[in-house]
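Please look over the structure shown here before reading on. The briefing below goes through it topic by topic.

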Amino acid sequence: MGAPWRVGVAHPLRPGELCTVVQGRDLAVATSGTAERGAHIVNPHLGTPANGLASVTVTGAGLTMTDAYATAAFAKGESARDWLASLDGYEGFGMLPDGRSWHTDGFPGETAREPGPV
């Protein structure tokens, strides 16, 4: 088992700030959103840019599926939390466009500093 570590997740609405800090060991972390690359994830049902979340961070055992699930969760928008909670071995943290956030029950991060509306 590797040594424990912490990684900050950039706040998608407040440049230079963190929205959560993931704590773990032997854990993959992936974030999808619009902060760095703009609106590049498409809602497959509408064919338009996904806009239900500002970002979503997913944790899991391996990076490939964790990254794929982060992208899929971002595209899902409002239903992402329930979907991530149904996946065995994966957890998530979502930031909404208005600055509110949510996380699945087992998310391995500090979320007590939940940001208020932007």
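**Strand pairing and two residues**

Val22 stands opposite Gly109 in β9. The model is predicted, so local features need pLDDT of at least 70 and side-chain atom pairs count only at pLDDT 80 or more, while totals for chains, interfaces and linings use all residues. Residues are numbered from 1 along each chain as its sequence is written, and side-chain values use heavy atoms, with hydrogens and water left out.

**The open sheet**

- Three strands form an open sheet in the order β1-β2-β9, with antiparallel pairing; its edge strands, β1 (5–10) and β9 (109–110), each pair on one side only.
- Strands are DSSP runs (E, at least two residues), numbered from the N terminus, and two of them pair if DSSP finds at least two bridges between them.
- Strand β2 (residues 18–24) pairs with β9 over two bridges, in the antiparallel sense.

**Ser32**

- Strand β3 (residues 28–33) contains Ser32.
- Ser32 has a relative accessible area of 6% and is therefore buried (under 20%; exposed is over 50%, partly exposed in between, with a 1.4 Å probe and protein chains only).
- Leaving aside residues up to four places away in sequence, Ser32 touches Ile41, Ser55, Val56, Ala70, Thr71 and Phe74 (contact means heavy atoms within 4.5 Å).
- The side chains of Ser32 and Thr71 make a polar contact (3.3 Å); the term means a pair of N or O atoms within 3.5 Å, where within protein one must be able to donate a hydrogen and the other to accept it, and residues adjacent in sequence count only if both atoms are side-chain atoms.

**Gly47**

- The loop between β4 (42–43) and β5 (48–49) holds Gly47.
- With a relative accessible area of 58%, Gly47 is exposed.
- Gly47 and Gly94 are 47 residues apart along the chain, and their C-alpha atoms are separated by 22 Å.

Terms used
Helices (H or I, at least four residues) and strands (E, at least two) are DSSP runs, numbered from the N terminus.
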